[in-house]
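Student: Could you take me through one part of this model closely, the nonpolar core, and then show me what lies around it?

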Amino acid sequence: MSDLLNISPIIGSMLVVLLPFLAFLIQAILGKRSQSGNIALVSIILSTIFSLIFVFAEVWKQEPISANVSWFTIGTHTFTLGILLNNLTVLMQLIVCIIALPVHIYSKSYMKGDPGIHRYWMYLSLFCFAMLGLTISSNLLMMYIFWELVGFASYLLIGFWFTKESAVQANKKAFIINRIGDLGFLLGIASVYSMYGSLNLVELFGKDGLFYSLPASSDGWLTFTGICFFIGAMAKSAQFPLHVWLPDAMEGPTAVSSLIHAATMVAAGVFLLSTVFPLFNQTVLLTIAIIGCITALISAYFAISQTDIKKILAFSTISQLGFMVVAVGVGAWDAAMFHLATHAFFKCLLFLSAGAIIHEMAHLKEANKLDIDPQDINNMGGLKKWMPKTFILMSIASLALAGFPLTSGFLSKDAILISAFEWAAQLNGLYFLIPITLTLVSILTAFYIGRLIFKVFFGELKIKVERIHLHEANLSMLGPMIFLGICSIFLVFSWNPIAYHHSFILTGFSITYPFAEIHSLHIILPIILTISSAIAWVIGWNWYVKGKYPLNSGNKLLDISMNQGYINEFYNKIFVKSTLNLSKGLYWFDQNIVDGFVNFLATIVRNLAHFSAWIDRYIVDGLVNTIAGTAYYIGHLLRWVQNGRLQNYLGFAFTVVLIGIIYLIIK
Amino acid sequence: MELAIFYAFAALVIGSALLVVSLKNTARSLFLFFIVLFGMAGLFIFALADFVAITQIMVYVGGVLILMIFAFMLSNKELLADLQNTSSKFLSIPNWQSLLLSIGFLAVMSYGIIEWHDNFPQWITENIRQGNIIKSSDNNINQLGIKFMTQYLLPFEVISIFLLAALIGAAHLSRKEDPK
Amino acid sequence: MISLTHFLFVSACLFCIGLYAIIAKRNSIMILIGIEFIINAAILNLVAFGRYDKINYSGQIFALFAIVLAAAAVAVGLAIILNVYRKYKTINPENITDLRD
């Protein structure tokens, strides 16, 4: 028994990755016969247990472990398949497992009765395999492979209800935009390989890795590489301007949105940035920070006026990802990972709660045969009465999102904000724009999430129906939500609810910042944030619950926000239209020039053939026929001579004799 | 005087012959043929061949012509119609090809005769010089009999047998087929 | 004494008439008559030339032979004509074209 339990971290992590893959294979083979999802559930439970006991517990705060086997050889260089276990990877793996587990349980009742449920479990297992594999890959090539697999699984799950036109459009969009990022990632890999001749993370960024021993060929080259990797992360983590796919990705099932498009996959970009962090020079880091900042701001702005509950959460996700990216940009990638972890829990919870609400709204819609959108918050209101537990859980998650004290979000968000301020203080001047913007975004975040809560749970139900039988979600849905709700509280991450420095994640990484700590900020900033958040809530309460909405619907700013800054339309005009026009042009070119040329040649050849056929018929054959006809005619003439009349014969004979005599005479 | 009579006979022969070939009516042609043969016999006499002339009349007029008339009558069911058909056209329209051929032959022959004129072969001139030519005072029949029985005995016998065979053959051909 | 040329000319005329009859006439009997004309023309020539051969009398003798042959030919020819008539019910050689190809 003890032997059985004595599994090395390497084997353990391999099991963690391979179990979902096994589940995927089994479900793929079974097809429609496996509808319960028990196989996926068992595999993810086992993965979580292994990940926690044999991997995380063994490796956390210890020396990194890695194991490689050679895979293939090109020239003199051998590429390897391998596992790298260090603080970062095991943490990421654990987060993925722990988020995936409640989502699986939740899905069991949420997806019940769906005709394509066997596919759902299969895809979910595939996603878990790919995501877990991504976390512990020891080299960039392998990581890239899993990166693509994750994107593919996401594509399948967004388009899960593929009979819906919007879902098909959404998964196409997600896939195409991810391709852009993947291209950047691939270019980055190629660039790294050309510079250092290795893709192994340990060899590159280890204690005395190539990255530190070999001087970089040139700063520009390094910048290029960094930007390439950032583009990869940008697409995956939905950073501006490649963020457009994420709101549309909400077409997938809500459980999928919570797992993939809120907690794990979109965080893969941040994870990648953290992994290759040493690669970034100052230019790249600044770019990262600026982009993250813009993303955080505009998506918070867009979130304010959205009416679709899932879209609000999607923009909030983008906004929080912006935070993480800024954290990486300022060099506090541990804070980014910390926020990633906390965000994963509370955002997942938010989505699951939203899923529960949508579930109930959909039931209401079906029961009363209404023609409403079950995701529209304008139709909701006063749900607190019927779904108090959901309300409490969602409130906890919202507070965490807003960065309210005593929640996990408070710790991680403060970590980022304070790091940003400290970073700006180091550099001074315009750099202060970034932390100030982030502060503003925090307040906006508090406002829009407050709006969501107020509109959904307070006031009266907006739709008027006789029989309202809304009720709490069942236990298999509520259970995971409660678990996540607990995880959204500070205690899980730190015993100290105020000081983020004590959280185990940050102490685990224990990196040193390049900028000085400013102690006063640690007190002032949380207070400012909390107070301003509270003010934002009060305003929101007055606007949405009390009904004193001050703005008319024609407001320009709201309009822009509502339409997501017209970015989609802009892309549509610039890229989609131009591509279509280019295609049309090329089609025209192909049709008229290429085909035309071919057709022209064909016509010429055909006419030539006609001509030669004519020659053959009338000249060649004609010649032969003329000869034959002449021969026939002469034969016919002579045949007439042989007409059987003796007198004619005699006449001919005498004629010849006469001619002979005349000839003799003349001669 | 002699020449005038010769010309008269020659004209009779040629004119009758022309009528024979140009008349549509076969019966008339046959009778005109009779005249031609008589005329020919006359011309033979001018050539001092009185026995040949007699034989001509005997064989042709007495045998051949009668045979022909018989044949004509046997073969032509429309005899009466033919006899009555004195014809609006006295002369038949000549077949121009054969006419051309005949005239051509006549022209060639005439040309030959004129060219030849009286350039007799050597045996003729020799005979004329030696006086070995038949004179009107000669007894031809006597001479012919002697020649037949001496010098030309074999051809005479052969021709006799030939004539016999021909007549028997003709008789055989002419008889009616046995019904069986 | 009539010159040889006269005889030859008459003979030639008769020959040509006979030839015409043979080729042009549409009656077998007339064709036979044409043959007789030609034979007569030949006999006339024999007789005319035979005048200059008193020793052999070949001209007149062969003239007699020719007359006999002509008689035989006529006899056989008429027999043939009768047979043809029996078979074809006509003596027009135009209508007898069995030799045609």
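**The nonpolar core and its surroundings**

Tutor: Happy to! In the largest nonpolar core, which has 202 residues, the members that touch the most other members are A:F127, A:V270, A:V326, A:A327 and A:C348. Helix α16 of chain A, covering residues 333-368, gives the most to this core, namely 21 residues. Please keep in mind that the model is predicted.

Let's zoom in on A:A327, one of those members with the most contacts inside the core. Setting aside neighbours within four places in sequence, A:A327 is in contact with A:A332, A:W333, A:A335, A:A336 and A:H339, and also with A:I416 and A:S419. There is a second, separate core as well: it has 79 residues, and B:F9, B:V13, B:L37 and B:A71 are among them.

For another setting, look at A:I26, which sits in helix α2 of chain A, residues 9-30. A:I26 counts as partly exposed because it has 15 C-beta neighbours inside 10 Å.

Finally, let's turn to where chains B and C meet. Chain B brings 69 residues to this contact and chain C brings 57 residues. On the side of chain C that touches chain B, α1 (4-24), α2 (28-50) and α3 (58-88) of chain C each supply at least two residues. Of these, α3(C) gives the most, with 19 residues. Sorted by class, that side of chain C has 44 nonpolar, eight polar and five charged residues.

Note on methods. Residues numbered from 1 in each chain as written. Chains lettered and ligands numbered in written order. Predicted model: local features only at pLDDT ≥ 70, side-chain atom pairs only at ≥ 80, totals over all residues. Helix = DSSP H or I, 4+ residues; strand = E, 2+ residues; numbered from the N terminus. Buried ≥ 20, exposed ≤ 12 C-beta atoms within 10 Å, placed from the backbone. Contact = placed C-beta atoms within 7 Å. Nonpolar A, V, L, I, M, F, W, Y, C, P; charged D, E, K, R; others polar. Core = buried A, V, L, I, M, F, W, Y, C linked by C-beta atoms within 7 Å.
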